[in-house]
2 protein chains.
Amino acid sequence: MGVRVKNRDEILGNASSNLDRRAREIILNAIERAIEAADPKGIIHSRVKVIGEKLIIDGATFDLKSFNRIFVVGGGKASGYMAEAIEEILGDKISDGIVVVPRGTAGKVNVRFVRLHEAGHPIPDESSVKGAERILELVKGAGESDLILCLISGGGSSLMAYPREGISLEDKRRITDILLKCGAKIDEINSVRKHLSMFKGGHLAKAAYPATVISLLLSDVVGDPLDVIASGPTVPDSTTFKDAVSVLKKYNVWESIPESVRKLLINGEMGLVEETPKAGEPCFKRVHNFVVGNNRLACMAAIKELTEEGLNTLLLTTYMEGEARVIGSFLGSIAREVVFSGNPVRRPAGVVAGGETTVIVTGKGRGGRNQELALSAALRISGLRGVTIASFSTDGVDGPTDAAGAIADGSTIERARGMGLSPEEYLLNNDSYTFFRHLGDLIFIGPTGTNVNDVVVLVAL
Amino acid sequence: MGVRVKNRDEILGNASSNLDRRAREIILNAIERAIEAADPKGIIHSRVKVIGEKLIIDGATFDLKSFNRIFVVGGGKASGYMAEAIEEILGDKISDGIVVVPRGTAGKVNVRFVRLHEAGHPIPDESSVKGAERILELVKGAGESDLILCLISGGGSSLMAYPREGISLEDKRRITDILLKCGAKIDEINSVRKHLSMFKGGHLAKAAYPATVISLLLSDVVGDPLDVIASGPTVPDSTTFKDAVSVLKKYNVWESIPESVRKLLINGEMGLVEETPKAGEPCFKRVHNFVVGNNRLACMAAIKELTEEGLNTLLLTTYMEGEARVIGSFLGSIAREVVFSGNPVRRPAGVVAGGETTVIVTGKGRGGRNQELALSAALRISGLRGVTIASFSTDGVDGPTDAAGAIADGSTIERARGMGLSPEEYLLNNDSYTFFRHLGDLIFIGPTGTNVNDVVVLVAL
């Protein structure tokens with residue numbers, strides 16, 4: 001996959017000096033290499049090998065001869081492409097398969113043995129239920145000598161939804177909405193959702209038992225927690241019905257959730273309903289989960305490019321979280337230190353950080369977390385020559401905008417003020433998109449078909 | 001100056017393993033060395049030398065024979081100690097001097113030629129005005145062949161207050177209060193304050209003209225902006241009366257400020273009142289400003305100690321600003337990366353960051369920015385063995401508490417939960433002091449007599 005920033009020339013043309021232009025060029029190259037490294041097909045081809053009759057994944061070896069049939073299942077925004085690569089590797093060794101992809105994207109995927117099923121994203125629909133049902137049927141038909149290859153990527157949670165008996169899809173949507181709005185954290189939200197599903201939280205692995213399950217996960221969650229990526233259909237659940245109830249009570253929404261959900265959770269607490277599968281249960285004995293791609297892969301590709309450009313490089317973290325504008329300011333403060341003391345790395349320097357920040361919306365503007373991070377950083381690096389920073393989403397879509405992110409350098413603030421723009425006011429109004437659109441420094445890539453979160457690249461020449 | 005963390009043994013005793021104990025020990029050593037490096041007397045002795053008849057400061061040489069008299073003036077929390085060191089260096093070469101120190105601290109300073117004057121801090125009082133007046137009188141009496149050594153440190157702004165004619169001290173206090181509450185930034189606040197003063201914003205330098213002025217600044221402001229430290233009495237002011245008015249109008253407080261202030265600023269805008277001294281004016285021709293001590297000095301001392309303990313070290317930044325909990329989480333995310341990928345530095349690793357964060361108070365608890373940073377970081381490093389982080393204020397006082405900061409390691413969260421404490425709730429309630437008091441992991445040092453902001457030390461063994 002060759003990735004190209006669409007408005008490359010415009011971005012380069014906005015440089016105020018040759019040095020700044022060079023810094024922008026290096027960053028654009030790093031962005032393109034980072035996204036290419038997250039390409040689902042490329043990832044599968046580099047991590048999954050067949051040599052003779054051996055299937056080799058990250059050093060683990062499986063004897064293909066020992067399997068009667070091979071099924072391919074799974075879902076997520078990148079899972080169609082993962083299936084395409086798996087077919088290129090295993091070909092007609094695949095007996096059957098169903099992979100759920102976002103509506104309107106099946107046409108982009110070229111598969112022969114695996115059937116594609118389209119469903120709703122980011123909000124699950126009846127087709128999400130149908131997709132999960134078809135996968136469950138398929139794996140339940142598998143026996144002890146069968147292999148199930150499960151291809152999981154971001155978005156899988158909504159693409160494959162299978163509510164427990166008595167819970168409607170509408171109930172699930174309502175409770176997800178309530179949980180997102182009440183301030184609960186992702187692991188708390190998941191503890192509830194997993195207990196309303198017969199697919200998430202290890203249920204898929206349980207349904208597949210006693211077949212061997214190899215789950216290949218492309219992580220879109222910071223830190224790659226197996227049980228969070230697509231809500232962990234092949235991963236033991238460490239939470240209980242009791243935890244789910246506690247979360248709802250902690251955030252004072254126990255009374256506002258649908259009656260059907262409350263009833264199910266109470267029954268679950270009393271042991272009248274089956275718990276989610278737990279670690280140590282037999283159904284996980286033949287389950288192998290591999291994170292084949294994650295944010296670090298994209299960050300390391302950016303680092304490699306920066307190193308090849310002759311920079312002294314530093315990968316700060318791939319666990320970046322927190323409010324975008326604070327992180328942007330902190331990364332800008334690192335740029336200042338590079339310039340003034342040669343710490344933490346000497347010039348010419350390239351610093352990379354990965355993860356996913358958040359925006360606390362108080363204004364009425366338009367923007368994404370990466371654009372807001374870049375705007376905040378711009379204020380901190382203002383006046384520094386040869387210092388440029390870009391923040392972008394590897395899926396090509398930053399928040400509710402058509403840009404992947406934005407790029408800023410030491411001249412950005414001065415250039416903006418020269419155009420009559422107040423950077424502080426745009427930041428205050430969460431209007432980073434409009435700010436960078438005026439400057440021509442939005443980064444346009446278009447949907448990339450993958451997602452391993454965000455990458456920030458900082459260059460000080 | 002030998003600094004010792006008072007509750008060293010308690011902090012070491014809280015370690016859950018020998019490895020964690022060792023990490024705590026290294027951090028405590030680094031904290032002590034960092035604060036020692038910021039000792040005002042030590043700083044003056046290391047930066048100011050007299051060799052024969054030459055006064056040498058940071059490579060600049062002044063011929064003492066060319067001066068008729070030497071006066072020592074200035075003010076700030078550390079300025080008394082700076083004066084003591086200057087006396088040890090220049091002795092009876094000093095003709096006279098007045099240095100303003102916080103009320104109740106003059107007794108700790110041993111001077112013979114310089115007179116100490118006590119005044120109010122952090123709120124200026126009539127004695128602040130008297131102190132500034134005495135300094136202005138002294139420097140106005142100096143001539144072309146005299147040298148004025150000006151010793152400036154944090155707190156100088158309130159210790160030396162000299163309102164313009166028609167402005168009362170109460171007016172100045174009110175407007176400072178209004179500016180702090182309206183959300184204006186420090187440079188905006190200063191643009192107003194400087195225009196209400198006949199001491200700040202370069203006025204002291206103007207009063208001293210045509211004497212030679214050597215200003216030694218111990219910086220308590222992130223990034224060491226000369227015109228912000230103690231409001232820059234010997235530094236050209238880059239702002240105008242017009243700017244001051246704009247700030248007050250921008251934050252919609254123009255109508256709520258005292259009538260006297262509004263009148264002065266309007267007259268200033270119309271050119272009826274003298275502007276603050278500007279760059280290029282003759283009065284700055286003989287003015288030499290030196291930042292003799294700052295946050296980087298403390299950070300580098302911490303780095304030196306970590307290196308001597310055998311760690312691979314990294315100074316991230318000395319420009320750290322922003323919300324304490326977000327920065328703490330980000331630093332914790334760097335610790336995770338160190339552990340899981342050996343980036344940005346291999347274990348055993350020591351990472352240092354300096355600056356000053358802020359707390360957005362929404363809860364009713366007790367805490368300081370360093371304690372809140374440490375609590376937030378604790379949540380991010382939970383479960384990591386041999387990983388410890390401490391954040392502390394070099395002045396020994398973190399926010400409105402008696403602790404300098406707090407220390408946390410990979411066992412902190414588990415230990416807290418074992419005691420029935422919810423770290424998330426303490427963080428939500430801005431109650432980091434109570435949290436760490438329960439754990440015995442507050443860092444007690446007591447007032448250190450210096451201030452070069454905060455230092456965060458992170459160790460991963």
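1. Domain 2 and domain 3 of chain A bury about 1,400 Å² between them, 53% of it on carbon and sulfur atoms, where buried area is the accessible area (1.4 Å probe) that two parts lose on being put together, summed over both. On the domain 2 side, Ser197(A), Val228(A) and Thr239(A) lose the most area to domain 3, together 32% of what that side buries.

2. This is a predicted model, in which local features need pLDDT of at least 70 and side-chain atom pairs count only at pLDDT 80 or more, while totals for chains, interfaces and linings use all residues. Side-chain values use heavy atoms, with hydrogens and water left out, residues are numbered from 1 along each chain as its sequence is written, and chains are lettered from A in the order in which they are written.

3. The assignment for chain A, whose bounds come from an automatic or database domain assignment, gives domain 1 (8-37 + 296-460), domain 2 (40-162 + 197-239 + 277-293) and domain 3 (169-195 + 241-275). The centres of domain 2 and domain 3, taken over C-alpha atoms, are separated by 26 Å, and 22 residues of domain 2 are in contact (heavy atoms within 4.5 Å) with 12 residues of domain 3.

4. Across this interface of domain 2 and domain 3 the rule finds 4 salt bridges, each being a side-chain nitrogen of Lys or Arg within 4 Å of a carboxyl oxygen of Asp or Glu. Asp227(A) forms a salt bridge with Lys194(A), their closest N and O atoms being 3.7 Å apart.

5. Between the chains, 29 residues of chain A are in contact with 29 residues of chain B, and the two chains bury about 2,400 Å², 60% of it on carbon and sulfur atoms. In chain A, Tyr319(A), Phe330(A) and Glu337(A) lose the most area to chain B, together 27% of what that side buries. The rule finds 6 salt bridges across the interface of chain A and chain B; Glu321(A) forms a salt bridge with Arg380(B), with the closest N and O atoms 3.3 Å apart.

6. The lining of the second largest pocket draws at least three residues from each of domain 1 and domain 2 of chain A; a pocket here is an open set of points on a 1 Å grid over the protein atoms alone, where a 1.4 Å probe fits, with protein on both sides within 12 Å along at least five of seven lines, and lining residues have an atom within 4 Å of a point. Among the lining residues are Lys77(A), His121(A) and Asp395(A).
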